Amino acid sequence: MKALLLENIHPVAVEILEGRGFEVELRSSSLSEEDLIKTLPGVHLLGIRSNTHLTPAVLDAASDLVAVGCFCIGTNQVDLAAAAERGIAVFNAPYSNTRSVVELVIGEIIVLARRLAEKTERMHAGVWDKSAKGSHEIRGRTLGIVGYGNIGTQLSNLAESMGLRVIFFDTADRLAHGNARRMRTLDDLLAEADVVSLHVDGRPGNAGMFGAEQFAKMKPRSLFINAARGMVVDDAALRENILSGHIAGAALDVFPVEPKAQGDPFESVLRGLDNVILTPHVGGSTQEAQEEIGYFVAGKLAGFAQEGRTELSVNLPAVQAPQLQVGHRVGYLHVNVPGVLAHVNRILAEGGDNINAQYLSTRGEQGYVVTDTLDPLPAEALAKLAQSEHTIWLRTWDA
């Protein structure tokens, strides 16, 4: 089986997949839709980061594709429903780089509050500007976190330990950490926060959620950070609020349009503004995080391709089957209708096979059952199961 890894995925992923017997091709850049359509036939596992977009047209062309690994937190670059319809599993790394993102945000809060970017720029220009004007401690300030998930909660903990007061807003019911306070509405948070940091996901409903109206409701001379998704923020509206002085500083790590490859030109209306930090989507790009992501996602891809395990898949029913130590395994992805499990077991019984263990999970319109047996299922029984009207795919593995 062949694996294609795009966008400079950490070499540990190559090491793991090659160690499991896969042929691996590693590329440094993302691919366009047209290039993906040409490249993916013959590829069984695809590894991507945030710049590679998998559309239904791409997935249609990927006739051999078994699974996709998003070597990052987000999965909005993949049409998850289209992948599920085609039986293609998608995995991500929801926890591996949270600490890296949080440390970046903490650093940006301090740099913005002290206006250090301006100071260092003037020093490099040969100007000695030893002034406290506009420079503040973060202790005692209020941090407003929008999106209180894995990153938001860890940011909450670190920020509070540094003396920041923490408030948060999330549309989901989240447990407050430490002394953090939940705000009833986003407007309530904006009215109180000295620093607003976005940590929402990339679902379509979040597109454009932060624009001129939201900036106007922020406290005068407050700070703004976006380390979530570029499409969430109206950068032109942010520029106007920076130029007017209403927003004292901003840090952005994500942008609505990002270059496809290392060294490509970067364009943004925020370039050249005072006290604005622009970083090239490096929130999770530390050596520690990328190695952990490479290890985690490559393991999930190999576990699915070679043993049918779907735990932590973001689009297929999640079956947490143990590693196959002895015997044989049948994985059956099917349309989720009543009676399918009974049908599977009837065919197994007619084939004269004894079931060692069986694991079933459903997700929306699909069900997935993994069956372990001591003896291999006869070919005629497998053929009968594969030809069922409810079958999406049927795969077998041996220990």
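Visitor: Buried means under 20% relative accessible area, exposed over 50% and partly exposed anything in between, with a 1.4 Å probe and protein chains only. What percentage of the protein chain do buried residues make up?

Guide: Of its 399 residues, 51% are buried. Keep in mind that this is a predicted model, where local features need pLDDT of at least 70 and side-chain atom pairs count only at pLDDT 80 or more, while totals for chains, interfaces and linings use all residues. Residues are numbered from 1 along each chain as its sequence is written, and side-chain values use heavy atoms, with hydrogens and water left out.

Visitor: Got it. How many helices and strands are there in the chain?

Guide: The protein chain has 13 helices and 16 strands. The C-alpha trace spans about 85 × 45 × 35 Å along its principal axes.

Visitor: Which domains does the domain assignment give?

Guide: Domain 1 is 1-92 + 286-316, domain 2 is 97-278 and domain 3 is 321-398. The bounds come from an automatic or database domain assignment.

Visitor: How far apart do the centres of domains 1 and 2 lie?

Guide: Their C-alpha centres lie 31 Å apart. Ten residues of domain 1 are in contact with ten of domain 2, contact being heavy atoms within 4.5 Å. Between them the two domains bury about 860 Å², with 46% of that on carbon and sulfur atoms. That figure is the accessible area (1.4 Å probe) the two parts lose on being put together, summed over both.

Visitor: New topic. What does UniProt say covers residues 108-283?

Guide: An unreviewed UniProt entry gives "domain: D-isomer specific 2-hydroxyacid dehydrogenase NAD-binding" for that stretch. In the model, residues 108-283 are 29% helix and 17% strand, with end C-alpha atoms 11 Å apart. The unreviewed entry also has "domain: D-isomer specific 2-hydroxyacid dehydrogenase catalytic" for residues 4-315. That span is 35% helix and 15% strand, and its end C-alpha atoms lie 20 Å apart. UniProt positions are in the numbering used here, feature names are shortened, and annotations may be inferred rather than shown by experiment.

Visitor: How many disulfides are found?

Guide: Zero, in a search of the whole structure. A disulfide here needs a pair of cysteine sulfur atoms within 2.5 Å. C70 is in none, and its nearest cysteine sulfur, that of C72, is 5.2 Å away.

Visitor: Is C70 buried or exposed? And C72?

Guide: C70 has 0% relative accessibility, so it counts as buried. C72 is at 13%, so C72 counts as buried too.

Visitor: What about helix α12, which residues are buried there?

Guide: In α12 (residues 340-350), the buried ones are V340, V344, I347 and L348. Seen down the helix axis they fall within an arc of 100°, so they line one face. The arc is taken from the directions from the helix axis to the C-beta atoms. The face turned away from the buried side carries the exposed A349 and E350.

Visitor: What covers those buried residues?

Guide: The cover includes β13 (328-335), β14 (355-363), β15 (366-373) and α13 (379-386). After α12 comes G352, with a positive phi near 80°.

Visitor: Which residues other than glycine have a positive phi?

Guide: N8 is one of them, at about 60°, and L312 is another, near 70°. Most residues other than glycine have a negative phi. N8 lies in the loop between β1 (2-5) and α1 (11-19), and is partly exposed at 43% relative accessibility. L312 lies in the loop between α11 (287-307) and β13, and is partly exposed with a relative accessible area of 40%.

Visitor: Last one: where is L394 found?

Guide: In strand β16, residues 391-398. L394 is partly exposed, at 23%. Leaving aside residues up to four places away in sequence, L394 touches V330, G331, Y332, L382, L385 and A386.

Notes
Helix = DSSP H or I, 4+ residues; strand = E, 2+ residues; numbered from the N terminus.
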